[in-house]
Each structure stands twice: as C-alpha cells, then as structure tokens.
Amino acid sequence: MSLIEMLKRRNVLSFEVYPPKTEAGMDRLCGKGGVLDKLYTLNPDYISCTYGAGGTNVGRNLEVLQKIAQDGRTIPVTHFTCIGNSRERIREQLNGYLDNGINHLLALRGDLPMGCTGTGGDLHYAGELVEFVRREFGDKFTIAVAGSPEGHISCTSLEADIEFLKRKQDLGADYIMTQLCWDMDQFCRWMDAIRAAGVWLPVDVGIMPILDQKATINMALSRNGCVMPRSLSVLISKHWIFPDPFTANPETDTQYHQKKAAFREAGVEYTIDQIHQYRRCGIAGIHLYALNRFEDVAYIAREAGLLREDAKV
C-alpha cells in the first residue's frame, strides 16, 4: 500500500529525525541498535530526515536516508529546500535520491540563512519546487508540502497563506505536513478554512514533544511565531528555572534538576493530550519529532494509542 493510500484509509504514524553533525551522533542514530533501529520497532509508516539550518548538512541527510532505505523497514522521506539550489543542482540531487531508493520528499522553500532576503537559488517558493519536480520527474516522487495552521510568518495573512497551499496542491502535491501548532482552536479553524478553500489533501500533523522549556520556547518563537496557549504557558511557569531557562544552571537555581524532570514529565502528558485532541479533528496522521531519541517518543506513541498491533513495543 502506498503512503497516500495509507493516509486516506487510516491514521499513520511517522517520525522526524535530523542529520547529526558528528560521527558519534551518526553512530547513535544509524549504528546497530541505534535510534533508527529502535524506532523501527514502533512500526512507523515513514521516517523523515531534515536538513541542517539554512539547507546545510545535506550529505548527512542522505546518509541517514540511505540507512532507512537499505533497512527496508519503513519509507524514507527527505526534506528538500530551494535554498542555494539551481535547477540543475536540484535535478542532480533528486536523481541521486532516486538512485538510493528515496522517492518521497517534503518540498520546502526552507528557512532563509541569517541576513539573506531570498533563497539564493533559481527557485524562490515551495510551489515552484513542486511544479519543477512534477515537470522533471512526473510521478516518480510522492510530494508533501508544509501547512501553517497559524499562517507562515512571511505571509501577509492566513487567507493568502491558504491560497498558496491551494496552489501547491494544484501544482501536484500529494499531502500536507503541518508546521508546529499548539493552539487547538486555531488548528480546527484552519482545517475548516482549507477545506472550504478546496484543499482536499490529507493532513499529517507535525508535533514536537514538550520535553524542555528552552527547546519549547525556541521552537515556538525562533522560526514559527506560534501562539503558546495559556495551559502551556502555565506549565512552563510552574516549573520555571531561574533566572530563565536559557542561562539557568544548578548554581543559579538549586531546584534545577528537579524542575527539569518535573517539566519533562508534565510535558509528555501535555503532548499525549494534544495528540488526542488532534485525532478528533479529522487528520490523517501524527508526525512526531523524535529529536534523535527513542524513549520519549516511544512512550508518547504508546500512551496516545498510536501504535498498531504489530508494533514490537
């Protein structure tokens, strides 16, 4: 069964990993008995791999995806951006992915490098990338595109953002992977709005487990401009590490370790509850950011009822 057929028939489970910068990190992720091998035991429908910031670390991205493709336990999905890419280079890279058995991609503009006002390549928007891939490769790739329930921070309005999403669908996208969103009321409004606008693609929801105050705040504000619901703000406040999570250490807050552990436990439960809320919204799947770890996402997937009977955990 193809991934698109899965998305249309049942809720899928998938994970996102990132390419480590060091050999030790690669071994922890891709080595025998490493994180990928453990994630396979949860029987995910696919595992995606990001680039580094600004489209860097592409070589490591391919190494990770080669491992997934060679293992044959699940579908490898690459993130692919316009950053710094000429049409010729895009064609070359995508042929390289196909040669390695990787025929699923998430088509992105990509986060612009610091100080840049454009992609620095021949293509400037994700829609252009979708159009290029379809024209050059036909149906050889299954193409996911990003959806922003709160609107992309570079877009003038949510309505305009939905128009761009509709255009990506019309140009040949197969399904949507959402950006981070903790505001469930807004997510439901967005689902209604995209359907009303004629966007019928399956929606796979991207979720970052809430495990660390600093990482949670960074992810919300640094790239996504996410609303943090009062319930999440209260959770952070109750476990606040002084003077702040970005500079705190055991010397400045004597309860540092206890607070981090308590926040992690509460954040896991918050994530599980959010998954339940998402599944009531008519979505097609849950895409968990594994953060190159296993134990937390395994627990979340199990407790949220995401695992199929043939999972080994």
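Reader: At what angle do helix H11 and helix H12 pack?

Author: In this predicted model, helix H11 spans residues 256-279 and helix H12 spans residues 295-303, and their axes lie 9 Å apart. The two helices are oblique to each other, because angles under 35 degrees would count as roughly parallel and those from 65 to 115 as roughly perpendicular. The angle at which H11 and H12 pack is about 40°.

Reader: In which hand does H11 pass H12, and how do the residues of their contact divide?

Author: H11 passes H12 in a right-handed crossing. From H11 the contact is made by Arg-264, Val-268, Glu-269, Thr-271, Ile-272, Ile-275 and His-276, and from H12 by Asp-296, Tyr-299, Ile-300 and Glu-303. These residues of the contact of H11 with H12 divide into five nonpolar, two polar and four charged.

Reader: How are H10 and H11 oriented to each other, parallel or antiparallel?

Author: The axes of H10 and H11 come within 10 Å, and they cross at roughly 165°. Because angles over 145 degrees count as roughly antiparallel, that is the description that applies to this pair. The crossing of H10 and H11 is right-handed, and the orientation of H10 and H11 to each other is roughly antiparallel.

Reader: Which residues of helix H10 are buried, and where do they sit around the axis?

Author: Helix H10 covers residues 230-238, and its buried residues are Leu-232, Leu-235 and Ile-236. They cover an arc of only 95° around the axis, so they are placed on the same side of H10.

Reader: What separation do the C-alpha atoms of Arg-230 and Val-297 have?

Author: Along the chain, Arg-230 and Val-297 are 67 residues apart, and the separation of their C-alpha atoms is 24 Å.

Reader: Which peptide bond is cis, and where does Pro-243 lie?

Author: The bond in question runs from Phe-242 to Pro-243, and it is cis, with omega near 0°. As for its place in the chain, Pro-243 lies in the loop between H10 and H11.

Reader: What phi values do Leu-291 and Asn-292 have, although neither is a glycine?

Author: Leu-291 is found in the loop between strand S8, residues 285-289, and H12, and Asn-292 is placed in the loop between S8 and H12 as well. Both have a positive phi, which for Leu-291 is about 55° and for Asn-292 is about 60°.

Reader: Is Asn-292 buried or exposed?

Author: Leu-291 is partly exposed, with a relative accessible area of 27%. For Asn-292 the relative accessible area is 14%, and because buried means under 20%, Asn-292 is buried.

Methods: Residues numbered from 1 in each chain as written. Predicted model: local features only at pLDDT ≥ 70, side-chain atom pairs only at ≥ 80, totals over all residues. Heavy atoms only, no water. Axes fitted to C-alpha atoms, helices over the stretch in contact; angles between N-to-C directions. Helix = DSSP H or I, 4+ residues; strand = E, 2+ residues; numbered from the N terminus. Left-handed = near helix turned anticlockwise from the far one by under 90°. Contact = heavy atoms within 4.5 Å. Nonpolar A, V, L, I, M, F, W, Y, C, P; charged D, E, K, R; others polar. Buried < 20%, exposed > 50% of the residue type's maximum accessible area, 1.4 Å probe, protein only. Arc of directions from axis to C-beta.
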